[in-house]
Amino acid sequence: MRGYPPRMADGDKTAGARGGAGAEPEEAYTAEPFVPRRGGLAALRRAAAGCRGCPLHRDATRTVFGEGDTSARVLLIGEQPGDQEDRQGKPFVGPAGRVLDRALDEAGIDPGQTYVTNAVKHFKFSRDPAHGKRRIHKPPTLREMSACGPWLAAELALVEPEVVVVLGATAGKALLGSSFRVTRQRGALMEEDVHGRTERLVATIHPSAVLRADKDDRDAVYGGLLADLEVAARALG
Ligand code: SF4
């Protein structure tokens, strides 16, 4: 494992510091002061549980950190935890996770030998009075994605994947910038600088798009996801 990217010393972590004396750490919009300099996945997960790098931790139940094989050849990145992930504290445990596992398996990538995470580690939602207590997913802003970036940088440095699979537009914007378009860039092997590392990436739709598709279109949407994952599988050689 390589060292994590340079960041503030552990002793500075509680400073909340970038917003100045007395400022809340959330106002600085960066997770960087919370990311430990050393330690493996367990240390990262422990530290992320107390992250206050942006305001999203206030309403969510818990941090949902990445999970899986830290020697995985494939690292998959989604948008943010959903309702089920927020409740269970694990990424991709809901219906979209089951679609993803099936597609990975069919593409020839063992889901058990991947590392899965999200660009943003807290669930962002609103409560629509018309839906009672139901929490309605809200996409994170570029500022929130950027705030959470240091966790993703630490995960990439830890896993050192051979291929990164970008699941959906939000993850693509978090990694590749606001001009990313999944419709234009999906299904091709790209090589880009991400958090100081040169990564090979394949973009595709988020698996929840399969669930949202009309019944008549669902097979075709799933087929597109599978075809893109097959590109990632072939890139592994
Ligand atoms: S979303 Fe990311 S940066 Fe914001 S509080 Fe959660 S873990 Fe920290």
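Good morning. The buried residues of helix 8 are covered by elements that include strand 2 (74–78), helix 3 (95–107), strand 6 (163–167), strand 8 (197–204) and helix 7 (208–212). Helices (H or I, at least four residues) and strands (E, at least two) are DSSP runs, numbered from the N terminus. This is a predicted model, in which local features need pLDDT of at least 70, side-chain atom pairs count only at pLDDT 80 or more, and totals for chains, interfaces and linings use all residues. Residues are numbered from 1 along each chain as its sequence is written.

Helix 8 itself covers residues 218–235. Which of its residues are buried? They are Tyr222, Leu225, Asp228, Leu229 and Ala232, where buried means 20 or more other C-beta atoms, placed from the backbone, within 10 Å of the residue's own, exposed means 12 or fewer, and partly exposed lies in between. The face turned away from the buried side carries exposed Asp219, Ala220 and Gly223. Just after helix 8, Gly237 has a positive phi of about 80 degrees.

Let me turn to Val74. Not counting residues up to four places away in sequence, Val74 touches Ile109, Thr114, Pro161, Val163, Val165 and Ala232; contact requires C-beta atoms, placed from the backbone, within 7 Å.

Finally, confidence. pLDDT, the predictor's confidence in each residue from 0 to 100, averages 91 for the protein chain, but stays under 50 over residues 5–20.

Conventions:
Two residues are in contact if their C-beta atoms, placed from the backbone, lie within 7 Å. The expected span of a helix is 1.5 Å times one less than its number of residues.
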